[in-house]
Amino acid sequence: MNALISVFINWAHLTGNTSDETGLIHSLYPDIQIKGVLLAGVIIGSLGVLDDVTVTQATSVWELSAANPAASRRELFGAGLRIGRAHVASVVNTLVLAYAGAALPILMMFAISGVGTGYVLSTEQVAIEVVRGLVGSLGIITAVPLTTALAAMAVADRSRDLVSQPEKTGGAAESTAAGEPVQ
């Protein structure tokens, strides 16, 4: 992920010197590499959505295995990927909208000033948001099959009794909220 972000930052010729905050940091700490701060910010921004995707994918595979304890690794992987496609679409849309929302004041400034679309798209402020969206999206697209494969291997190796049988507590018959025994 770090290498991918570095490639995009270098390809887009981003410096990270686009706001009053980075100017203040640079004036207080002249030796700091603002490009490194930009890199760290993109990584941190991507980690939240990657965490969401990987946890949901692993949980989905676990639940698929619980619903069908006889499912093979291949079947769990295929079913998990079908869930993952929908999850990727949803999370990528969320990510892009979040970055667009964060860039809204900048976009409004350009709209009010009347500058052309070509100029707006070539500015570093907008390019940073585009790079964030691209890197986050590529990370999500990569994480889904990897997480699904690892989860399918891990779940398939566990005892099917642990996956498919709920734990019973005590020897007494369980009852519903109305007090009736569960059959």
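**A buried serine, a helix pair and a pocket**

S137 sits in helix α7 (helices are DSSP runs of H or I, at least four residues, numbered from the N terminus). The model is a predicted one, with local features needing pLDDT of at least 70 and side-chain atom pairs counted only at pLDDT 80 or more, while totals for chains, interfaces and linings use all residues. Numbering runs from 1 along each chain as its sequence is written, and side-chain values use heavy atoms, leaving out hydrogens and water.

With a relative accessible area of 10%, S137 counts as buried (under 20%, using a 1.4 Å probe and protein chains only). Leaving aside residues up to four places away in sequence, S137 touches V92 and L95 (contact means heavy atoms within 4.5 Å).

Next, the helix pair. α4 (residues 73-102) packs against α5 at about 55°, the axes being 4 Å apart; axes are lines fitted to C-alpha atoms over the stretch in contact, and angles run from 0 to 180 degrees between N-to-C directions. The two helices, α4 and α5, are therefore oblique to each other, the class left once angles under 35, over 145 and from 65 to 115 degrees are taken out. On the α4 side A100, G101 and A102 meet L104, P105 and L107 of α5.

As for open space, the largest pocket holds about 310 Å³. A pocket here is an open set of points on a 1 Å grid, where a 1.4 Å probe fits, with protein on both sides within 12 Å along at least five of seven lines; lining residues have an atom within 4 Å of a point. The volume is the space filled by probe spheres set on the points. Of its 17 lining residues, G16, T18, S19, I128 and R132 are closest to the centre.

Methods: Buried < 20%, exposed > 50% of the residue type's maximum accessible area, 1.4 Å probe, protein only.
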